[in-house]
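Dear colleague,

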Amino acid sequence: MSLMGFLDRIADVTAFDKAIEPARRAVQGMPSAVKDVLHGTWLGHPLHPVLVQVPVGSWVSAALLDAVPPLRPAATVLIGTGVAVSVPAALSGAADWSEQGAGVRRLGALHAVMNTAAVGLYGGSLVARARGRGTLGRALAYAGLGLAGSSAAIGGHMSYAQSSGASHAATAVRALTTDWVDLGPLDDLPEGRPTMRTGKGGSMSVPLAVVRRGARVDVFVGACSHLSGPLDEGTVETVRGSECLVCPWHGSAFDLDDGEPRRGPAANPQEKLEVRMDAGRVKARVPSRHR
Ligand code: FES
């Protein structure tokens, strides 16, 4: 069995859920404004992969510097930097993890346990170095790097194979034709609430969420960027001062003007289509970055 197949087997183990659920509920109980900071909603990009660059980069660099005796004091500084930043990195990962599907949560729990153990080893390394036990300090740091690297592979599997953190709307928009799509008469669209229209795809129709406000029409890919929730079944609400399309699944709110997330758990923007009117009919097409 391949390594990835092994990880998929772990993601299938439902017995983990009983232990995971209390932690998940505790994370979900954080104030929504705090969670949105941790998700990266304010950034329009998931925060966790940004923050983890610091511990990973610091610890890999420290491993190299530890191999050169005159540079070992610098390695200690880098290890301390990685340990310090691992705290906000873990919190942002936990916020994202709590809003993912069951398989991602199971692997994410393993990822968190391994990372916690790695931080423990690095903490022990710092203590050993402070006490003048350099050999032990380096051994603990190399063990920590091995554990953190293995855990990073699990995180990569969660991102690339399980699509956690990826924009599900970006995947959906690529299935659309690049031509203008006729969405029907403007007068057929309900006022102030999302409705579904379908766009032509290469081999299938792609659901679109269409919102009419007077003569203005905003058209989005129907699959929410967070986890593909049906935005056409959502609502239009004012969120943090912006008129937003709100997902019915986890409450992410996307600005009707530009698709930027105004409330999480989504951190990626919602794909918005270009719109034009043609003799009273609404036409839409994918933005030029996808053509
Ligand atoms: S699918 Fe989670 S907020 Fe839309």
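In what follows, a residue is called buried when its relative accessible area is under 20%, exposed when it is over 50%, and partly exposed in between, with a 1.4 Å probe and protein chains only. Please keep in mind that this is a predicted model, in which local features need pLDDT of at least 70 and side-chain atom pairs count only at pLDDT 80 or more, while totals for chains, interfaces and linings use all residues. Residues are numbered from 1 along each chain as its sequence is written, and side-chain values use heavy atoms, with hydrogens and water left out.

The C-alpha trace spans about 80 × 35 × 35 Å along its principal axes, and buried residues make up 44% of the 291 residues.

Turning to D66, which lies in helix α5 (residues 53–66), this residue counts as buried because its relative accessibility is 2%. Apart from neighbours within four places in sequence, D66 is in contact (heavy atoms within 4.5 Å) with R72, A75, I79, R129, R138, A141 and Y142.

Helix α7 (residues 102–130) has 29 residues and should span 42 Å at 1.5 Å a residue, which agrees with its end C-alpha atoms being 42 Å apart; the expected span is 1.5 Å times one less than the number of residues. Just after α7, G132 takes a positive phi of about 80 degrees.

Terms used. Helices (H or I, at least four residues) and strands (E, at least two) are DSSP runs, numbered from the N terminus.
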